[in-house]
Amino acid sequence: MKKIITLIVLLSIAVIPVFSDTITKVAVLDYSRILSAFYKDSQAVRELEEMKSQFQQEIDKIQGEISILEERKLNAENSGNNSKALELDNQIFEKKKFMRDYIRVKNSQLTELNKNLSQNNSLVKEIIEEVKYVAESGGYSIVLKKSDPNLLWWNYEVDITEQVLQRLMTKMR
């Protein structure tokens, strides 16, 4: 019995370093700041980022309108006004259909612009190359944009913006 317990403990100790190497390190990058540092070359990239921002604002606006319609429909149903609830249900359906079509068209446009930009813009390629170098040399597995709305918090120590900027400035000289 002691041998089995000792064997389990030894195996556990041997496996711990293997699992500790699989921890994912995440970095954050202020992409807008990098683009601002290279204003002339980054105009097309900034226009694409602006389009993405406007697209998201429009989606948020449409979702807000749908929420208001859904609330009005619920109020109509609760007050027993079935004809108004049906009318609102049709408006909700149409608004959701419009949003799906809008998203499909805009995503297609953004994908095409992004594809053209990444194929033609040497600055973007250079930025990506330097981000990759800094991330790999720092042991980071993932790099997120600081402007990502899903990014809630990060420690300044994982911000690699300055390192990428330094490498880009050195290469551009």
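Ground rules before you start: residues are numbered from 1 along each chain as its sequence is written. Since you're working from a prediction, local features need pLDDT of at least 70, side-chain atom pairs count only at pLDDT 80 or more, totals for chains, interfaces and linings use all residues, and side-chain values use heavy atoms, with hydrogens and water left out.

**Exercise 1. Work out the order of the elements in the protein chain.**

- Helices (H or I, at least four residues) and strands (E, at least two) are DSSP runs, numbered from the N terminus.
- Counting them gives six helices and two strands.
- Reading from the N terminus, you get α-β-α-α-α-α-β-α.

**Exercise 2. Describe how α5 and α6 pack.**

- For two packed helices, you want the angle between the axes and the distance between them.
- Axes are lines fitted to C-alpha atoms, for helices over the stretch in contact, and angles run from 0 to 180 degrees between N-to-C directions.
- Helix α5 (residues 122–138) and helix α6 (residues 161–172) come out at about 125°, axes 9 Å apart.
- That angle makes α5 oblique to α6; the label covers whatever is left after under 35 degrees (roughly parallel), over 145 (roughly antiparallel) and 65 to 115 (roughly perpendicular).
- Next, list the contact (heavy atoms within 4.5 Å): α5 brings L123, E126, I127, E129, E130, V131, Y133 and V134, and α6 brings Q163, V164, R167, L168, K171 and M172.

**Exercise 3. Decide whether L168 and L69 are buried or exposed.**

- Cut-offs: buried is under 20% relative accessible area, exposed over 50%, partly exposed in between (1.4 Å probe, protein chains only).
- L168, in helix α6, has 0% relative accessibility, so L168 is buried.
- L168 and V131 are 37 residues apart in sequence, with C-alpha atoms 9.5 Å apart.
- L69, in helix α3 (residues 39–78), has 8% relative accessibility and therefore counts as buried.
- Leaving out residues up to four places away in sequence, L69 touches L88, Q91, I92 and K95.
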